[in-house]
Amino acid sequence: MSAQPGTLLDVRGVTKRFGGLVANKDISFRVSHGELVGIIGPNGAGKSTLFDVLTGFQPPDSGAVILDGEPITSRRPDEISRRGVGRTFQKLKPFNQMTVLENVMVGAFQKTGDPAEAHARALECLHQVGLKDKAQAHARVLSTGQRKRLEMARALAIRPRLLLLDEVTGGVDQGSIPGLIELVRAMNAGGVAMLVIEHNMRVIMGISHRVVALHLGEVICDGPPQAVVNDRRVIEAYLGGAYAR
Amino acid sequence: MPRARRIVLGGLALLALLAFPLVFTLPFPRHLMITIFLYAMLAQAWNLLAGYCGQISLGHAVFFGTGAYTSTILVNQLGVTPWAGMLVGAVLAIALSQAIGYPVFRLRGHYFAIATIAVGEIVQTLMINWDWAGGARGLFVPMKRPDSVVNFQFHDSKQTYYYIALGLLLLALWITRRTERSRTGYYFRAIREDQDAAASLGIPVTRYKQRAMALSAGLTALGGTFYAQYILFIDPESVLPLSLSILICLVAVLGGVGTLWGPVIGAAILVPLSEGTRIYLGGTGKALDLLIYGALIMLISVIQPGGIMALAQRGRRRTG
């Protein structure tokens, strides 16, 4: 398994089937250290399944996932997390009966057993995502946008090398979108490589260094944002063949 | 509440509890308090697994019975002091809990609870049919005189039992408090709230569930040995029934699960209530006591599912 220099995540020919449905078909792409890669595709393209395979929640039927030269294929989610891969969920999963601060402390405890240190790290992360004033609130009272920020803070607290964000702006009011985009940019500028699923085209074009487009479980395009958005197959996948001229 | 005031109030409450047997010298009030302490500590042990870690067990009588049987058999067969038996019982209960947890923790939610009921029934049936361990007839702990700490028997007064039960409760509270504030406590609660999110943050979910199970089972077994030495007779019907597992759970649920004081409050209400209804309404042959007891539990679970602790917290918020 020779790693390409500079490659952090190497996805090689990943296939995932659910019965007769092929959710991911022979997917291959790479993410470099510090790179921000957008993943687009219509509903059902296999984006969230791909995240589940990469983070160990679903074992792939074939193919390999390599993180910094080490295979992590079919490792348990917690093992992959401890190797420096953080993630958020499309269907948000905050710890509702815990405070915002406690939620993030759970993440911070990955790197320290000392509650005081975890507390300090959690406050740092909350500050970073702009939720510090909500630290003592229960997670269940937060708005959708705030919960997305909470999940990001929680994932940041594990000090990830790679962060997988599933739908940054989905279900969020228009007013909160610019703030969330800024946040993603800032986290990436801090040195964390990112893989971002996003439906809002303007958002994905604005933040990504590179875009991977999926359709019906397959990679149909991989390249710079402008090239992908003008690619015939991508337009076809989104709008149907009639528009792709 | 400010910290200083909490410490003063806590100190006063502890002093009052220590002085109680000196003021109340009759057996009944002491017995009532001992029963409260025992159920509070059992419910607290259950609370560690179910309240904090979210794994609802309805088979905790298995661990209680393990404690009771281990110390009793060791005393009867080998003359080992029940204190050593208590430790061996706890170790056995922990080992048993890990063996049960290994397959059963692959199940989520209600399936876990159902599996624990099944385990409880299996163990009770095994013990009923195991003649060497007393079978359905049960086992007596041989009476030993005079009273001695080594023998763990006190026939002159219940005072020493009172202090031992109080000590066990304080131990359970102390362990819960320490756990609550540590990484382990945070991980338990995260697992209760969402296993996938917990795993995504690097928590080895199954290992922590096993840890919660071990803590809970070990503590419960201590209570079992205490019961055997206090009552001096055990049988599968008294230390291994499903009804005991459910009662332990009810005490915690009534007081408030996932809280430090919930199980204590639950026991302080439920035990006198059950003793009261039994004394005043029992013996009529119409099970009126059980009816009232059951109705009260239903009422509380409908009106305030968060338990008494949630009620108290709501009241405090309202008064500012």
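Select Pro146(B), which sits in the loop between strand E1 (139-140) and helix H6 (159-181) of chain B; helices (H or I, at least four residues) and strands (E, at least two) are DSSP runs, numbered from the N terminus. The peptide bond from Arg145(B) to Pro146(B) is cis, with omega near -5 degrees. The model is a predicted one, in which local features need pLDDT of at least 70 and side-chain atom pairs count only at pLDDT 80 or more, while totals for chains, interfaces and linings use all residues. Residues are numbered from 1 along each chain as its sequence is written, and chains are lettered from A and ligands numbered from 1 in the order in which they are written.

Next, select Phe152(B), placed in the loop between E1 and H6 of chain B. Phe152(B) has a positive phi of about 60 degrees although it is not a glycine. Most residues other than glycine have a negative phi, and most peptide bonds are trans. Phe152(B) counts as buried, with 24 C-beta neighbours inside 10 Å. A residue is buried if 20 or more other C-beta atoms, placed from the backbone, lie within 10 Å of its own, exposed if 12 or fewer, and partly exposed in between.

For contrast, select Arg106(B), in the loop between helix H4 (82-104) and helix H5 (110-129) of chain B. Arg106(B) is exposed, with 11 other C-beta atoms within 10 Å.

Turn to the largest nonpolar core, which has 159 residues; a nonpolar core is a set of buried Ala, Val, Leu, Ile, Met, Phe, Trp, Tyr and Cys residues joined through C-beta atoms within 7 Å. Helix H2 (residues 27-52) of chain B gives the most to this core, with 16 residues. Domain 1 (1-84 + 161-245) and domain 2 (94-159) of chain A, with bounds from an automatic or database domain assignment, both give residues to the core, so it lies between them. Among the residues with the most contacts inside the core are Val104(A) and Phe37(B).

Nine of the nine residues of H3(A) are buried, so H3(A) is largely enclosed by the rest of the structure.

For the interface, select the 23 residues of chain A in contact with 18 residues of chain B, a contact being two C-beta atoms, placed from the backbone, within 7 Å.

Finally, select strand E4 (residues 62-67) and strand E5 (residues 70-71) of chain A, joined by two bridges and running antiparallel; strands pair if DSSP finds at least two bridges between them. Ile66(A) stands opposite Pro71(A). E4(A) and E5(A) form a hairpin with two residues between them, and Asp68(A) in the turn has a positive phi of about 55 degrees. Asp68(A) is partly exposed, with 15 other C-beta atoms within 10 Å.
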